[in-house]
There are 2 protein chains.
Amino acid sequence: MREPLSAESSAQLATAFKALGDPVRLRLLSLVASHEGGEACVCDISGSFDLSQPTISHHLKILREAGVLDCERRGTWVYYRVVAPTLAQLSAVLSPESSSPRAQAPTLR
Amino acid sequence: MREPLSAESSAQLATAFKALGDPVRLRLLSLVASHEGGEACVCDISGSFDLSQPTISHHLKILREAGVLDCERRGTWVYYRVVAPTLAQLSAVLSPESSSPRAQAPTLR
């Protein structure tokens, strides 16, 4: 039986879960994660949505601010990739039986 | 490289992530998950919050409707426990490198 989350950890993690609580953003995350090389620019993924590029960029910004995606400008385009440690932290919260991911991420306590 | 989520899977999973996108609900989940025997009633966990019991029950209802918690009435109290398959599904979405949890939960694709 592991320790419950503190109020502070819950507030921090809830921000990231909230960012994922939208179908478009969840799909964006999975498109970036599954794209060749582990990164994608808006030009690579906008074709998968019936949404304008500014709308997609807005959702990408929310994912970035939540620490779920990171980005880097190279030439004309901004390339996005997942922030693996954040995803590992979120995943650990959802694994009540396993205490090892929490031991690897003590800032979550 | 795994397949990206479909629009349908994203919509279903986003509902559960949205339910977790609140500090009180995330903490409720962790309190239930870490409680002795893997289940807890409102009486067990309300002391951890500076919130009224109806407010806590409201948040528990949202977690239940999202398929994250399940409940069972026994006598005077309603006991809550985590829905392990739902948490495993959500955790799998956050694990881009591992394809095995997705193979175990094909309905996510």
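At roughly what angle do the axes of helix α1 and helix α5 of chain A cross? A few notes on this, and on some other spots in the predicted model.

1. **The helix pair in chain A.** The axes of α1 (residues 7-20) and α5 (residues 84-93) cross at roughly 100° and come within 11 Å. Angles of 65 to 115 degrees count as roughly perpendicular, so that is the label for α1(A) against α5(A).

2. **What sits where they meet.** From α1(A) you get Gln12(A), Leu13(A), Ala16(A), Phe17(A) and Leu20(A), and they meet Gln89(A), Leu90(A) and Val93(A) of α5(A). Sorted by class, that contact has six nonpolar residues, two polar ones and no charged ones.

3. **The main core.** The largest nonpolar core has 60 residues, and those touching the most other members are Phe17, Leu20 and Leu94, in chain A and in chain B. Helix α2 of chain B (residues 23-34) gives this core its largest share, seven residues.

4. **Leu94(B) up close.** Beyond its sequence neighbours within four places, Leu94(B) is in contact with Phe17(B) and with a run of chain A residues: Phe17(A), Leu20(A), Leu29(A), Leu87(A), Leu90(A), Ser91(A) and Leu94(A).

5. **Val82(B).** Have a look at this one in strand β3 of chain B (residues 77-82). Val82(B) counts as buried because its relative accessible area is 18%, and the cut-off is under 20%. Leaving out neighbours within four places in sequence, its contacts are Leu29(B), Val32(B), Ala33(B), Gly38(B), Val68(B), Leu69(B) and Leu87(B). Val82(B) and Ser30(B) are 52 residues apart in sequence, with 9.1 Å between their C-alpha atoms.

Technical notes:
Residues numbered from 1 in each chain as written. Chains lettered and ligands numbered in written order. Predicted model: local features only at pLDDT ≥ 70, side-chain atom pairs only at ≥ 80, totals over all residues. Heavy atoms only, no water. Core = buried A, V, L, I, M, F, W, Y, C linked by side-chain atoms within 4.5 Å. Buried < 20%, exposed > 50% of the residue type's maximum accessible area, 1.4 Å probe, protein only. Helix = DSSP H or I, 4+ residues; strand = E, 2+ residues; numbered from the N terminus. Contact = heavy atoms within 4.5 Å. Axes fitted to C-alpha atoms, helices over the stretch in contact; angles between N-to-C directions. Parallel < 35°, antiparallel > 145°, perpendicular 65-115°, else oblique. Nonpolar A, V, L, I, M, F, W, Y, C, P; charged D, E, K, R; others polar.
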